[in-house]
Amino acid sequence: AFAKGLDPAYQVDKGGKVRFMVELADPTVELKWYKNGQEIRPSAKYIFEHKGNQRILFINNCTMTDDARYYVTAGDEKCSTELFVRDPPILVTKGLEDTNTYVGERVELSCEVSEDDANVKWFRNGVELSNDPKSRYRIKVEGKKHTLIIEEAAKNDTATYSVMTTGGQSEAKLAVDLRPLKISLALEDQTVRLGQEIHLKCEISENVEGKWYKNGQLIEASDRVKLYHKGRIHRFVIPVSAVDDEGEYMFVPDAYNINIPCKVHIVDPPKLHLDGLGENNTVTVVAGNKLRLEIPITGEPTPKVFWSRGDKMVTDSGRIRAETYPDSSCLVIDAAEREDSGSFRITLKNEAGEDTALINIKVVDVPDPPQAPNVTEVGEDWCIMTWEPPANDGGSPILGYFIERKKKQSSRWMRLNFELCKETTFEPKKMIEGVAYEVRVFAVNAIGMSKPSMPSKSFVPLAVTSPPTMLAVDSVTDTSVTMKWRPPDQIGAAGLDGYVVEYCFEGNGFSQGISTDLSEELGEPPFNLEGTVFHNGSDEWIVANPELTDKTKFTINGLPTGSKILVRVKAVNAAGESEPRYHPQPILVKEVIEPPKIRLPRHLKQTYTRRVGETVNLVIPFQGKPRAKVLWQKNGAPIDKNDINIRNTENDTIIFIRKAERGHSGEYDMKVEVENLVDKATIDIQIVDRPGPPEVVTIEDVWGENVNLSWKPPKDDGNAAITGYTIQKADKKSMEWFTVIEHYHRTSATINELVIGNEYYFRVFAENMCGLSEDATMTKESALIAKDGKVYKYPVYEDFDFSERPLFTQPLVNTFAVAGYNATLNCSVRGNPKPKITWMKNKVLIMNDPRYRMFSNQGVCTLEIRKPSPYDGGTYTCRAVNELGEAEVDCKLEVRGKG
């Protein structure tokens, strides 16, 4: 159908005109044109022409929409082609311009191109920008004018922006700078008192956020830090300031490289905290110790501390020094001395004010030693010492004193009191007479004990003796009086050098009306309360013996006959004279006859018994004056002085027999004669010896196992009554003697339980107060215990005594138990009667406690502890008791936890 078809492709510029042409073989064939399958109708844009066999289609003013696939049909035939519409290059007729702006301003970047509604692409730093509604960038097209709009410029919008068309491009730089910031109200430095509000406020020309900093550290809002921002005003508030809030603060607006600084200075008036000190701010320190008095201080800024004593400042060096720390100040005194006592002033100063206080330092020490004590009085084993209190009590009241003594030649002091002596006098006791001693004193206060005082002067305890005792008149003649006495009851280690006998005539020392009611015990002179006056003048009493007498008897000679004298005696030793012992009555100087009187001792008023060979020494006192005469007789005849020694004195007579014999027995008659007066006494002396044996011992009868004996008392009873007999038996085979009966009183006896078939001899001893006779009398015949007709007598055995006090045969053993599992303790015991068993825990009796069960079987004792806890641990004791005694055994139980 087609003589010539369409070319395969056609190209035309946009806005141009294109011509499609085909030649038909048959001009009558109807043609139809199509664009992308849609039939094309003639119009102003599409123009059809016929020239012979040629069919032409014109497309005017081609646009990009005309760029498509075209085909033409002729009958059943089809011929196609493709039209390419070429867009001509778009030129940038007016380029972009460099722009400077401020953050937050609206920015418009515009350019013009050669065609309306041209396709223009925008780029930022080479990156294409889209016209997305969500984008910060908006692109506006008005004909040939293309504009890039940024509503509120930001710092990061600074970049190089460019446009690109098909035929050209343009670029420009956008610089977004911060608007110059003006500080309308700067922060001001503040000085705030501790605890007051910190309020910082600034105002800037821009409404921007910002941050607060303290000493370079970012501050976040918190419960105690409040941050406020309203418009261009920024505020920083701390309602209650603290010391740590001091520092350099600054506000830094966001995005600006500037800061608004200020300083906050926290001030607090200085204050001393003296709560821990005593009354009147007194601090006590013991001398020699180190004082470190720490005074807490507060104040901001840290106050300066000044210590002073009087007008003198205390420096930070030396024995007394001040050490200052941020929160305290210390007064240090090394090895405190008494002179350090006094007032120290501490002063605090800072810009907020000052504080000051007086602190009293009291250095207490042991007291000074007292002065050497004085020994004011010395006795037998005691002395009385006094002393003055020490001049300085060390700042603490004296509580008392300790006393020490030592022998002068010794170096060892001995403490005499272990409880403080509150007084300034003391009486040391239990010293040795004649030994030199020294004493010293220590003063004691609450701090301690002083050094010892200097020793006292040495002293020697030497007591005078007690007065002589039993002063009595021994004898009186017409010109003399003989006195006798006994030594003092207490003589002491100083000994006794002798006695002084003194007398005075009645009427000089005493009045005539002297009382005779005298006290021997007091050893004092008698006083008549109705006016008797005793003159103890040395000229009234006459010393009878210028030289001491060591005897207890003395005769005062040369006395006028008929005069009356009073006598006293003193004992003398190295310590001096004792108190005098006075004779209770005046003594008449005239010889007086004293009737004889024998004072027979009580044991001689009955028979005086001694054994042969013993010594007899009898002293019989008597009285009688003058010149008593003693006569002795034995059984009415004179005594043989070669056999018996007799010695007579003025006051007693002595009978002495070195080795008594029976012949010395008898009645001794004593007779004392004074002129025509006589006194008599009789002494019965019995010398005894062991008796002889019984005269004869006879076997009177033998029957069964028994023998009947009889005997006659001994001829010689030893000069003493027979008190009994001792009977012995002997088997004829062995002739060994065995005692059957002792201390038997009768002269016949029956001997029982003799052995059948044995033949016995018997003998008997006699006995008196001196013992058994030396020999015994034996039976002449023997006694045979016959077997004939004897029925055997089975022996009788005594029941064995099984009684036994309790005894543990198996002790308790220390045991470990596990909490919650039953534990048992076991031991075994024996005893008769069967002992009673009790159990104890930690020495406390276990009774009626359901956690414990006790068993006792065949002597085995068991304690079961049900499911013990650690509380049940302890010492368990098993006690067994019967009437013969008791026994105990114990062990320890430890209860451990499970696992």
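The points that follow treat the domain annotation, the surface charge patches and the salt bridges in turn.

1. The model under discussion is predicted. The unreviewed UniProt entry places the feature "domain: Ig-like" at residues 88–175, 270–360, 596–684 and 806–890. The annotation "domain: Fibronectin type-III", likewise from the unreviewed UniProt entry, covers residues 369–468 and 693–788.

2. Three of these spans may be described by their secondary structure. Residues 88–175 are 0% helix and 51% strand, with 35 Å between the end C-alpha atoms. For residues 596–684 the content is 0% helix and 58% strand, and the end C-alpha atoms lie 21 Å apart. Residues 369–468 are 0% helix and 32% strand, and their end C-alpha atoms are separated by 45 Å.

3. A surface patch of negative charge is formed by D87, E115, D116 and D117. D87 sits in the loop between β9 (77–86) and β10 (92–94) and is partly exposed, at a relative accessible area of 36%.

4. A patch of positive charge on the surface brings together K597, R599, R602 and K605. Of these residues, R599 belongs to the loop between β51 (594–598) and β52 (608–611); its relative accessibility of 46% makes R599 partly exposed.

5. The structure contains 46 salt bridges. One of them pairs R319 with D340, with 2.9 Å between the closest N and O atoms. R319 is in the loop between β31 (312–314) and β32 (320–325) and D340 in the loop between β33 (328–333) and β34 (342–350), so this contact ties together parts that are 21 residues apart in sequence. R319 is partly exposed at 30% relative accessibility, whereas D340 is buried at 3%.

6. D368 and R338 also meet through their side chains in a salt bridge, at 2.9 Å from N to O. This pair links distant parts of the chain, 30 residues apart: D368 is in the loop between β35 (353–364) and β36 (374–378), and R338 is in the loop between β33 and β34. D368 is partly exposed, with a relative accessible area of 27%, and R338 is partly exposed at 21%.

7. A further salt bridge joins R662 to D716, the closest N and O atoms being 2.9 Å apart. The partners are 54 residues apart, with R662 in the loop between β57 (652–657) and β58 (666–674) and D716 in the loop between β61 (706–711) and β62 (722–731). R662 is partly exposed at 31% relative accessibility, and D716 is partly exposed at 32%.

Methods: Residues numbered from 1 in each chain as written. Predicted model: local features only at pLDDT ≥ 70, side-chain atom pairs only at ≥ 80, totals over all residues. Heavy atoms only, no water. UniProt positions renumbered as here; feature names shortened; annotations may be inferred. Helix = DSSP H or I, 4+ residues; strand = E, 2+ residues; numbered from the N terminus. Patch = residues over 30% accessible without salt bridge, like charges linked within 9 Å, V, L, I, M, F, W, Y side chains within 5 Å. Areas by Shrake-Rupley, 256 points an atom, 1.4 Å probe, with all protein chains shown as cover. Salt bridge = Lys/Arg side-chain N within 4 Å of Asp/Glu carboxyl O. Lys, Arg positive; Asp, Glu negative; His and termini not counted. Charge placed at Lys NZ, Arg CZ, Asp CG, Glu CD. Buried < 20%, exposed > 50% of the residue type's maximum accessible area, 1.4 Å probe, protein only.
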